[in-house]
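Okay, thanks for coming, everyone. Let me put the model up on the screen, and then I'll talk you through it piece by piece.

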Number of protein chains: 2
Amino acid sequence: MSRLPDHLTIGELSQRSGVAPSALRFYEDVGLMSAERTGGNQRRYPRHTLRRVAFIRAAQRVGLSLDEINTALATLPSGRTPTKADWQRVSRGWTDRIDQQLRDLELLKSKLTSCIGCGCLSLRTCLLTNPDDYEGDRGVGPAWLATDENLGNIRE
Amino acid sequence: MSRLPDHLTIGELSQRSGVAPSALRFYEDVGLMSAERTGGNQRRYPRHTLRRVAFIRAAQRVGLSLDEINTALATLPSGRTPTKADWQRVSRGWTDRIDQQLRDLELLKSKLTSCIGCGCLSLRTCLLTNPDDYEGDRGVGPAWLATDENLGNIRE
DNA sequence: CGAAAACCTCAAGTAATCTTGAAATCAACC
DNA sequence: GGTTGATTTCAAGATTACTTGAGGTTTTCG
């Protein structure tokens, strides 16, 4: 229980990271991590692998694909142990990314709110679906948005 | 061009909604929408179908799966045309959902920020991956977080 | 009328991220 | 040393949301 070995089995790493063994093997397959092996060919993970798994999961939560994570990891120096500065450089991008996501969500929310206000769900005015305005050739102005007749024919 | 027919072909609906024909057919397959047919079996969409497509895409942007969207649509009255109130009820849930997403992201960001501050990426302290705290039996206190030796063994 | 563009169905493929299962081996414990 | 639980590999399957292709029909337009 409290033995604190400096190598973890895949089961232990799974327990402690909350990532299924199958996922860990998968990460290895795609080159995101590696493992030492016992004489009997079982994986043994050095302790710092926990950090690597943390990195991967955190990056995923920021919305990176495994491919992108691989790329991000590749920008870390392979010759030497990454410094705090290296790590900060990489994770800085995440903060930016989160900020962008926050902005997107805020925008979506405000659009949705005005949609609820008018109750229309018009493709033209409610740009939930099309971030860029696009052409539709209906000749009806904004007034129709509020008319009851235009509402909710969603279920036909 | 400006004929404004009250039925659209799949190509027209695709153009105006920005959704590929194949996707529209797919939505029909999974029961998200329906279409009238010509004598020659081609789809013809009543104009309000645009709104339904808008609904679907908007819901997707809020993070709903097509299954969830189907469920949401099912809560709309099938006998009558949904009212503005019906529609607002449904989309209210979206706003809540967006708010939740915003909260999650803010939390993630603040955690990430403190992680960057210490540069550690410890599974225990940076709960990016595990929202709920969990047990790890290392006996080392917070102090190690700042030591250089613990940093960035991400690339082993 | 006849050609071209658009549409039809159905099956299969794609992409990402894993999970499951089978059959066999390894490690740990008494 | 044997039993049991953990681990191994490899192939195939799961899920979501579509796209692509083949082979054939319909619509439209000149």
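**Starting from one leucine**

If we skip the neighbours within four places in sequence, Leu8(B) is in contact with Leu13(B), Tyr45(B) and Arg47(B). By contact I mean that the C-beta atoms of two residues, placed from the backbone, lie within 7 Å.

Quick housekeeping before I go on: this is a predicted model, where local features need pLDDT of at least 70, side-chain atom pairs count only at pLDDT 80 or more, and totals for chains, interfaces and linings use all residues. Residues are numbered from 1 along each chain as its sequence is written, while chains are lettered from A and ligands numbered from 1 in the order in which they are written.

Back to our leucine. Leu8(B) sits in strand β1 of chain B, residues 7–8. When I say helix or strand, I mean DSSP runs, numbered from the N terminus: H or I with at least four residues for helices, E with at least two for strands.

So, is Leu8(B) buried or exposed? It counts as buried, because it has 21 C-beta neighbours inside 10 Å. The cut-offs go like this: 20 or more other C-beta atoms within 10 Å of a residue's own means buried, 12 or fewer means exposed, and in between is partly exposed, with C-beta atoms placed from the backbone. Also, the C-alpha atoms of Leu8(B) and Thr49(B) are 8.9 Å apart, although 41 residues separate the two along the chain.

**The sheet in chain B**

Now zoom out to the sheet around that leucine. Chain B has an open sheet of 3 strands in the order β1-β3-β2, paired antiparallel. β1 and β2 (36–37) of chain B are the edge strands, and each pairs on one side only. For strands to count as paired, DSSP has to find at least two bridges between them. β1(B) and β3(B), residues 43–46, have 2 bridges and pair in the antiparallel sense. One to look for on screen: His7(B) has Pro46(B) in β3(B) as its bridge partner.

**Over to chain A**

Chain A has 5 helices and 3 strands, and along the sequence they follow the pattern β-α-α-β-β-α-α-α. Out of 156 residues in chain A, 28% count as buried. Take the contacts in chain A between residues at least 6 apart in sequence: 45% of them join residues at least 24 apart.

Chain A has an open sheet of 3 strands too, ordered β1-β3-β2 with antiparallel pairing. β1 and β2 (36–37) of chain A are at the edges with a single partner strand each, so one side of each has no neighbour in the sheet. β1(A) and β3(A) run antiparallel, joined by 2 bridges, and Leu8(A) stands opposite Tyr45(A) in β3(A). On the β2(A) side, 2 bridges join that strand to β3(A), and Arg37(A) has Arg43(A) as its bridge partner. The hairpin of β2(A) and β3(A) has 5 residues between the strands, and there Asn41(A) takes a positive phi near 75 degrees.

In β3(A), Arg43(A) and Tyr45(A) are on the covered face, while Arg44(A) and Pro46(A) are on the uncovered one.

**A helix with a buried face**

Which residues of α1(A) are buried? They are Leu13(A), Arg16(A) and Ser17(A). Looking down the axis of α1(A), those buried residues fall within an arc of 90 degrees, so they line one face of the helix. That arc is taken from the directions from the helix axis to the C-beta atoms. The buried residues of α1(A) pack against β1 (7–8), α2, β3 (43–46) and α3 (49–61) of chain A. After α1(A) comes Gly18(A), with a positive phi near 80 degrees.

**And the DNA**

Last stop. DNA strand C is surrounded by 21 residues, and the closest are Ser22(A), Gly40(A), Thr9(B), Gly11(B) and Arg43(B). Near here means that a residue's C-beta atom, placed from the backbone, lies within 6 Å of the strand. α2(A) gives the most to this surface, with 3 residues.

DNA strand D is surrounded by 21 residues, the closest being Thr9(A), Gly11(A), Arg43(A), Thr38(B) and Gly40(B). There, α2(B) has the largest share of the surface, 3 residues.
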